[in-house]
Amino acid sequence: MRGILPRVWPAVLAIALAFGRGYLDAYGPAGWVGVVLAIIGFFVAVAPIGLAFFRCTRVLLSLAMGMALIYCLNLADEAVARQALAQRGQVSDCLVRQETPQQRTVTDTHYQPGTSPGDPGTTWTSTRSETYYDYRLACSQGGPDSMTTRISVARPGTTLAVLWDPTGRIDPRPAAPGDTPAEDFRAAGLAGGAGVLLALLDAVLDATGFHLRLPRWLTARRFRRRR
């Protein structure tokens, strides 16, 4: 048990920080606390990957664990936001006055695990263009005057149902009938549970002295210079 807890508690802590940050943003005091929790949660989630390289064992297992926890971080924030909108959100019919497509450049970081124990792998970046849409709105019942979406949802001169937060904590979005946060919470729970199970598996394998090894055809031996 002593050997299992140090491996499992970072995964549990990352999940708690993810939902804690989401609830602070949606319900709690706004400010720097949520940002700090998000940063801590991210580093706690990716810590197993770095520790795997330090130990030079079970790199792929730790990588899968870290990716599951990072996915949970993203899903938890959206799940809590949708829950808050379901509880206090209002729907207004808004006239779309203007639609403005915007282009922005997004930089993605990619990682390929090493092919042998001790190999730290390769990291590289790539850029891509992403389009989002800014809307100027004229809403009834005190609704928002602007909204940003990832896809085009309406044309100027048309009327759109917009779900918005009276407290201003959550960005407005197009209203979707029957949209509930249950699916997001379920997905976040599955991702977080997968991270915990992978951490538990890592601890059990370490306690038994078993090490996952890559197939020989993936190791550095295939790259040796032929004589």
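Q: Does Asp184 count as buried or exposed?

A: This is a predicted model, and the answer rests on a computed relative accessibility. Buried means under 20% relative accessible area. Asp184 has 12% relative accessibility, so Asp184 counts as buried.

Q: With which side chain does Asp184 meet in a salt bridge?

A: The partner of Asp184 is Arg82, at 2.1 Å from N to O.

Q: How many salt bridges does a search of the whole structure find?

A: The search finds six. One of them joins Arg173 and Glu78, whose closest N and O atoms are 2.8 Å apart. This pair links distant parts of the chain, with Arg173 in strand β5 (residues 173-174) and Glu78 in helix α3 (residues 59-88), 95 residues apart. Arg173 is partly exposed at 21% relative accessible area, and Glu78 is partly exposed at 30%.

Q: Where do Glu130 and Arg150 lie?

A: Their side chains meet in a salt bridge of 3.5 Å, N to O. Glu130 is in strand β2 (residues 122-139), while Arg150 is in the loop between β3 (146-149) and β4 (159-164); the pair therefore ties together parts 20 residues apart in sequence. Glu130 is buried, with 16% relative accessible area, whereas Arg150 is exposed at 60% relative accessibility.

Q: Which residues do salt bridges with shared partners join into one network?

A: The network consists of Arg104, Glu130 and Arg150.

Key. Residues are numbered from 1 along each chain as its sequence is written. This is a predicted model: local features need pLDDT of at least 70, side-chain atom pairs count only at pLDDT 80 or more; totals for chains, interfaces and linings use all residues. Side-chain values use heavy atoms; hydrogens and water are left out. A salt bridge is a side-chain nitrogen of Lys or Arg within 4 Å of a carboxyl oxygen of Asp or Glu. Helices (H or I, at least four residues) and strands (E, at least two) are DSSP runs, numbered from the N terminus. Buried means under 20% relative accessible area, exposed over 50%, partly exposed in between (1.4 Å probe, protein chains only).
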